[in-house]
Structures are given as C-alpha cells and as structure tokens.
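Subject: Handover of a structure and its findings

Dear colleague,

Please find the structure below, followed by an account of what was found in it.

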Amino acid sequence: MTWALVPAAGSGRRFGGEVPKQYLHAAGKPLLEHALDALLSHPGVDGAVVSLAAGDPRWPGWTTLHGKPVLACIGGVERADSVLAALHALPADVAADELVLVHDAARPNLHADDITRLIAAAAAHPDGAILAAPVRDTLKRADGEGGIVATEPREALWRAFTPQAFRRDLLRRALADAQAAGIVATDEAMAVERLGCRPRLVEGREDNLKVTTPADLALAEILLARRTP
Ligand code: C5P
C-alpha cells in the first residue's frame with residue numbers, strides 16, 4: 001500500500017499576493033488539485049494525506065478523489081513539519097516498510113511515467129529514491145555584490161524534484177531526528193541523508209516544475225493546458 005503525502009500548508013510568501021500558491025489556478029484548476037489528480041489517478045497510489053494551514057478557508061474538503069481516500073491534517077511552521085504531520089496522520093494499516101511519496105502541492109505537472117519509475121526505484125532500494133534532473137546551466141558563485149567569483153563544476157550536481165519516495169518509518173525517523181537537531185530539511189532526502197543513507201536519483205521530466213514565481217505559473221498554464229483534452 002503506497003500513500004502520497006502532499007504538503008500544502010505554505011503561505012506562499014515568496015510568490016507574493018493573497019492566495020497561497022497551492023490554490024492559484026492554472027488550466028482551470030488549483031495547483032493542489034492538479035497535484036492530487038496526478039497522484040491519485042496513478043494505479044500505484046492508494047490514498048493521500050494533505051497538510052493544510054490551520055483554518056484553511058480554501059480547502060474544498062475532499063474525502064475521496066479518483067475513488068481513493070483523501071485525509072487532511074494541520075501542517076507546521078516549516079515544510080518538513082508539515083510532512084511529519086502528514087506521516088502521523090497516515091492510517092494505521094500503512095505498515096512501517098510501505099513506501100510513501102511526498103509531493104509538493106505546488107508541482108502540478110507530474111506525469112504518470114515518472115511516478116511509475118520512482119516507485120520502482122524506491123521499492124528496489126532500502127534508502128528510497130527521488131525524482132531529479134542533472135544541472136544543465138553553467139553555475140557561477142557570486143561575491144554578494146553582483147560579481148562572479150568562480151565557475152563551479154556541475155558534473156555531479158542534480159536538481160531535486162518531488163515526488164520523493166521512502167519507507168514510512170525511515171522517513172519518520174529522519175524527519176523527527178532533523179527536527180530534534182534544529183535542522184530545517186528543505187526536502188525529504190536531506191533528512192534521510194543525515195542518517196547516513198543514500199537515496200537513489202531517478203532522472204525525471206524537467207517540466208515537473210515547482211511554481212515559485214509568476215513566470216513559473218505562466219509556464220505551468222501552458223504545460224497543463226496542453227495536457228487537457
Ligand atoms: O515554499 P515551498 O515552495 O518550499 O513550498 C513547497 C510546498 O510545501 C508547498 O506545496 C507548500 O504549501 C508546502 N509547505 C507546507 N508547510 C510549510 C511550508 C510549505 O506544507 N510550512
């Protein structure tokens with residue numbers, strides 16, 4: 001049994017504006033709904049837990065989507081706190097060694113073939129796996145005043161996407177341990193790496209973009225409109 005955990009408790013401060021970015025619309029639906037549709041329409045995903053801000057007035061109150069259960073819980077101050085809260089809200093019959101897939105609500109353009117390959121890689125490796133892509137641009141180190149100090153080698157560098165897939169109990173231990181140490185993990189893999197594990201990199205589609213800026217939203221609109229029949 002594989003469940004998805006969807007952190008959607010952010011206030012979207014970096015994007016600006018009134019509406020948290022998971023509720024911005026693209027191709028006629030909120031980004032959160034696109035993300036849940038992508039996850040729950042996949043045959044390998046059995047249900048989803050969504051972390052929400054306390055008193056979220058925009059949550060539509062779904063309890064099922066695509067015939068699968070949707071649970072909601074209250075998120076936390078940081079994204080990692082929201083993911084940990086979602087882990088605690090999982091049904092008891094999701095065993096400690098079952099996979100969970102953590103996916104940002106602000107990533108609306110997830111394709112089924114990426115989910116399939118991620119689940120296969122994570123199932124085959126005890127340390128889990130994440131979708132990611134190699135860095136393709138040349139990387140510059142800045143001096144803080146708009147000048148270039150150095151050109152950094154990019155050969156071994158990857159950009160981390162979501163979903164990220166781990167066994168339920170490994171992820172719980174990793175996030176709880178990081179939280180206790182006062183370390184803010186910006187993705188699940190970072191917390192798992194701290195335990196000495198080496199999650200696998202699964203090369204994913206580069207159009208699995210996270211909406212952070214208005215330009216990202218414009219791009220998401222184009223990508224999603226193209227997919228809609
Ligand atoms: O802000 P960022 O792009 O890192 O947010 C990624 C995802 O994490 C978003 O879907 C956002 O709603 C969620 N989040 C959360 N709880 C927080 C902060 C962010 O669930 N405290």
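Asp104 is a buried residue, with a relative accessible area of 9%; buried means under 20% relative accessible area, exposed over 50% and partly exposed in between, with a 1.4 Å probe and protein chains only. The model is a predicted one, in which local features need pLDDT of at least 70 and side-chain atom pairs count only at pLDDT 80 or more, while totals for chains, interfaces and linings use all residues. Residues are numbered from 1 along each chain as its sequence is written, and side-chain values use heavy atoms, with hydrogens and water left out.

Salt bridges

Asp104 forms a salt bridge with Arg79, with 2.8 Å between the closest N and O atoms. The term stands for a side-chain nitrogen of Lys or Arg within 4 Å of a carboxyl oxygen of Asp or Glu. This pair links distant parts of the chain, 25 residues apart: Arg79 belongs to helix H2 (residues 79-88), and Asp104 to the loop between strand S7 (99-102) and helix H3 (112-123). Helices (H or I, at least four residues) and strands (E, at least two) are DSSP runs, numbered from the N terminus. Arg79 is partly exposed, at 23% relative accessibility.

The whole structure holds 13 salt bridges. Another of them joins Glu206 and Arg159 at 3.0 Å, N to O. Here too distant parts of the chain are linked, 47 residues apart: Glu206 lies in the loop between strand S12 (200-203) and helix H6 (214-227), and Arg159 in strand S11 (residues 158-167). Both count as partly exposed, Glu206 at 38% relative accessibility and Arg159 at 37%.

A salt bridge of 3.6 Å, N to O, joins Arg173 and Asp169. These two residues lie in helix H4 (residues 168-180), four residues apart, which is about one turn of the helix. An α-helix has 3.6 residues a turn, so residues three or four places apart point the same way.

The ligand site

The shell around the ligand has 16 residues, of which Pro7, Ala9, Lys21, Val77 and Ser82 come nearest; a residue counts as near if one of its heavy atoms lies within 4 Å. Strand S1 (3-8) and H2 each supply at least two residues of this shell. Six of the shell residues are nonpolar, four polar and six charged. In this grouping Ala, Val, Leu, Ile, Met, Phe, Trp, Tyr, Cys and Pro are nonpolar, Asp, Glu, Lys and Arg are charged, and the others, Gly among them, are polar.

Oxygen atoms of the ligand lie 2.8 Å from a backbone N or O atom of Pro7, 3.2 Å from a backbone N or O atom of Ala105 and 3.4 Å from a polar side-chain atom of Gln22. The protein covers 86% of the 460 Å² of accessible area that the ligand has on its own, by the Shrake-Rupley method with a 1.4 Å probe.

An open sheet of mixed pairing is formed by eight strands in the order S5-S6-S4-S1-S7-S11-S8-S12; two strands pair if DSSP finds at least two bridges between them. Strand S4 (residues 47-52) pairs with strand S6 (residues 68-74) in the parallel sense over five bridges.

Helix H1 (residues 31-40) is largely enclosed by the rest of the structure, because nine of its ten residues are buried. Among them are Leu31, His34 and Asp37.

With kind regards

Conventions: Polar contact = N/O pair within 3.5 Å; in protein donor to acceptor, adjacent residues only side chain to side chain.
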